[in-house]
Amino acid sequence: MLELLTNFWAAFVALVEAYPPLLAIGIIILAGSGVPSSFLLVLCGAVWGSFLPPVWVVFFGVLSLYLASIWPYLLFSRLPEAWLAKIPFVNPLDIKRRFLSKSENVWTFLFVLRFTPGIPFAPQNVVSGILKIPARPYLIMSFLSCLTAGILMILLGDALGSGQVSFLAGIVVLIVIVSILVRRALNRTKSQELNPKS
């Protein structure tokens, strides 16, 4: 079984090495469709890292993930309002009118949505499109989150693929630190919203 998996992995790496855009296209389609983006980015780092310099691996991986965040947003933001009104139990346009009418609320919403660990990537894009979030803040916050997650996960995959144990440990520690910092920032944002005068 192990030999079969090893042979499969070698064949997969050889295929991607022969046709590097295949992995990028796969990330764009699969991450936007609901396949966990963390897994795809780790795979990207492990595969591309075997034959590309780390800078290019990060560039192509982050770009692919960013494109995967754009197409579902564009697709769902084009849904007619009459269709959105038929969604049971919730009216997305009413939610937008009540909670996202101010620009600062949109930025806060996107920060919480994009940087809260554990929220799946694909639903973030779909919800942003359905709520018809303005393109400029969406594109900026999506790029920042793709850059942050992309660098960490791709380097993790590269370390796994190359067997660099000390580097791998450092990346895991960095991911934990970034998660803690993001949670603190989110808690601070929530407390400022609850107590705006303090």
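Predicted model: local features only at pLDDT ≥ 70, side-chain atom pairs only at ≥ 80, totals over all residues.
The lining of the largest pocket comprises 15 nonpolar, 8 polar and 1 charged residues.

**Helices around the largest pocket**
- At least two lining residues come from each of helix 3 (37–48), helix 7 (103–115), helix 8 (121–130), helix 9 (135–162) and helix 10 (165–194).
- Helix 9 makes the greatest contribution to the lining, with 6 residues.

**Glutamine 124**
- Glutamine 124 is located in helix 8, one of the helices that supply at least two residues to the lining of the largest pocket.
- Its relative accessible area is 5%, and glutamine 124 is therefore classed as buried, the cut-off being under 20%.
- A polar atom of the glutamine 124 side chain lies 3.4 Å from the backbone oxygen of leucine 113.
- Beyond residues up to four places away in sequence, glutamine 124 touches Leu113, Arg114 and Ile119.

**Cysteines and disulfides**
- The structure contains 0 disulfides.
- Cysteine 44 has a relative accessibility of 0% and so counts as buried.
- Cysteine 146 is likewise buried, because its relative accessible area is 1%, and the limit for this class is under 20%.

Conventions:
Residues numbered from 1 in each chain as written. Heavy atoms only, no water. Disulfide = S-S within 2.5 Å. Buried < 20%, exposed > 50% of the residue type's maximum accessible area, 1.4 Å probe, protein only. Helix = DSSP H or I, 4+ residues; strand = E, 2+ residues; numbered from the N terminus. Nonpolar A, V, L, I, M, F, W, Y, C, P; charged D, E, K, R; others polar. Polar contact = N/O pair within 3.5 Å; in protein donor to acceptor, adjacent residues only side chain to side chain. Contact = heavy atoms within 4.5 Å.
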